[in-house]
Amino acid sequence: MTDHQASSASAQAEAAEATLYKKRDKIYPREVNGVFAKLRNLTVVVLLGLYYLLPWIQMDGRQALLFDLPARKFHLFGLTLWPQDLIYLSALLIIAALSLFFFTALAGRLWCGYACPQTVWTEVFIIMERWVEGSRQQQIKLDKEPASLRRLRLRATKQLLWIAFSLWTGFTFVGYFSPIRELGQNLLAFNLGPWETFWIFFYSFATWGNAGMLREQVCIYMCPYARFQSAMFDKDTLIITYDAERGEPRGSRSRKADAKAARLGDCVDCGLCVQVCPTGIDIRKGLQYECIGCAACIDVCNGIMDRMQYPKGLIRYDTQNGMAQHLNRSQLLRRALRPRVLVYASVLVLILVALGTSLALRSPFKVDVVRDRGALARLVEDGWIENVYRLQLMNTTEQLQRYRIRIAGLAGLQTDLGDTVIAVDPAATRWVPVAARVPPESAAAAGRGSHTIEFTVERIEDSAADAPRAVVERSTFVVPR
């Protein structure tokens, strides 16, 4: 390595190190209008509307969507899931991961630009900031002003709005795990539990900190997705791109100027694409990991192209192959449906179908058999041998259910329940102690050791005629030596 190369490498290393300690330059995203901005605003309204309204929906006298951790059951709009239904949670996580892979391979960081909670809540905080402090230029001017009562009033108003919105967000978050109506009553009565109080303030602080203070730093430095997204991109992935061949050499000019005569490209070097970017990057420098794919630069550039009476699309959704080979839209679409994307889509559809089928055929009640570990077997009157069990009956429906328990597996085997009918409340669980006994002659014929037996729990007075009416669970009966 020559002295010049060593000096250049050292300078680059020093520059990279300096950026780690550089004071953050505040980003003031400029307001933008356009197709993608409207789509993003619609997404924000829909997602936040769902988030804040869903906990208040009631079904069959209870909260429709409730993750009841103390009771170890989840209520999902008439569907009750138990710890034994962990497979459904696993399927949902797999679906979420495959969806991320599918949409990223197809069109880049759609999740980050439109649906990520960080993006959604940051957008709301920016809107509140504009309400109070004004446009981008007004915010920059306010930050440069010396301390004054006006500046203090505006900053305090903005913080009060942010804090109130964050507290509402934290309260709603806890409302998914604790019945929100009771939570609201306890809040008004200043009777919140310690954990509820902690999580309301914790999630409120996280919302205020991430969406109000950190903003783009979460996307650039904290989110791992920005770092490994390149592993899911290829040259046929739709990304936000700047057409350098058409735009360069860039330069300012009047609306009536002849760009060709001045040997200029279509880019007028207005810098608006940088001003509207929520992470502060210049898309004209090419694809960067900081780009969250919000398409704000596309909207503002198309507006400038309209004013200059140039064709739109100087900044657009395109692929690397599309830019290099000048592919049209139909060619881009055909290349987008490549094997990688089709495999993701096929697996995603299969898992969705399997999950839907499993939920449709899911048993309306579940049974667990637990042996009494304190005494495996004991002798009772007349030489009968008794084993004790506990049966957990879980009613996964929203109606009261009644059950009858039968037992089989050894000659003369019977329980102390007889024909007793056991009722279980809607979406509830009940433990039933069961003493199983065999006569001495049956025990002698069976021999010492453990023997397989079956508990049959039959549902009676069943209103769902097409659902399974009985569940069979196996256990062991021990004959002592």
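1. Let's start with K26 and E129, which form a salt bridge with their closest N and O atoms 3.9 Å apart (the cut-off is a side-chain nitrogen of Lys or Arg within 4 Å of a carboxyl oxygen of Asp or Glu). K26 sits in the loop between α1 (3-21) and α2, while E129 belongs to helix α5 (residues 117-133), so the pair ties together parts 103 residues apart in sequence. Helices here are DSSP runs of H or I with at least four residues, strands are E runs with at least two, and both are numbered from the N terminus.

2. Before going on: this is a predicted model, where local features need pLDDT of at least 70 and side-chain atom pairs count only at pLDDT 80 or more, while totals for chains, interfaces and linings use all residues. Residues are numbered from 1 along each chain as its sequence is written, and side-chain values use heavy atoms, with hydrogens and water left out.

3. The cut-offs are under 20% relative accessible area for buried, over 50% for exposed and partly exposed in between, using a 1.4 Å probe and protein chains only.

4. E129 has another partner: its side chain meets that of R215 in a salt bridge, at 3.1 Å from N to O. R215 lies in the loop between α9 (194-214) and α10 (216-222) and E129 in helix α5, so this pair ties together parts that are 86 residues apart in sequence. Here both residues, E129 and R215, are buried.

5. Which residues are linked with these in a network of salt bridges? The network takes in K26, E129, E133, D143, R155, K158 and R215. The structure as a whole holds 25 salt bridges. Side chains of opposite charge can pair when their charged atoms come close.

6. G134 follows α5, and its phi is positive, near 95 degrees.

7. Another bridge to look at joins R437 and E386, with the closest N and O atoms 2.6 Å apart. It links distant parts of the chain, R437 in strand β14 (residues 429-438) and E386 in strand β10 (residues 385-395), 51 residues apart. R437 counts as partly exposed at 27% relative accessibility, but E386 is buried at 3% relative accessible area.

8. Now for α7 (residues 149-175): its 27 residues reach 38 Å from first C-alpha to last, close to the 39 Å expected at 1.5 Å a residue. Its buried residues include R151, K158, W162, F165, T169 and F171.

9. How does helix α2 (residues 35-53) pack on α7? The two pack at an angle of about 60 degrees with axes 9 Å apart, which makes α2 oblique to α7. Axes are lines fitted to C-alpha atoms, for helices over the stretch in contact, with angles from 0 to 180 degrees between N-to-C directions; under 35 is roughly parallel, over 145 roughly antiparallel, 65 to 115 roughly perpendicular and the rest oblique. On the α2 side, L48, Y51 and Y52 meet F165, W168, T169, T172 and F173 of α7, where contact means heavy atoms within 4.5 Å.

10. T207, in helix α9, is buried with a relative accessible area of 8%. Leaving out residues up to four places away in sequence, T207 touches W121, F125, S166, T169 and G212.

11. W56 is in the loop between α2 and β1 (58-59) and is partly exposed at 37% relative accessible area. Its C-alpha is 6.9 Å from that of I180, although the two are 124 residues apart along the chain. Beyond residues up to four places away, W56 touches F171, I180 and R181.

12. Finally, the loop between α12 (244-247) and α13 (272-275) holds P249, and the peptide bond from E248 to P249 is cis, with omega near -5 degrees. R263 is in that loop too; R263 is not a glycine, yet has a positive phi of about 55 degrees, and is exposed at 71% relative accessible area. D269, also placed there, likewise has a positive phi of about 55 degrees without being a glycine, and is partly exposed at 39%.

How values were computed:
Expected span 1.5 Å × (residues − 1).
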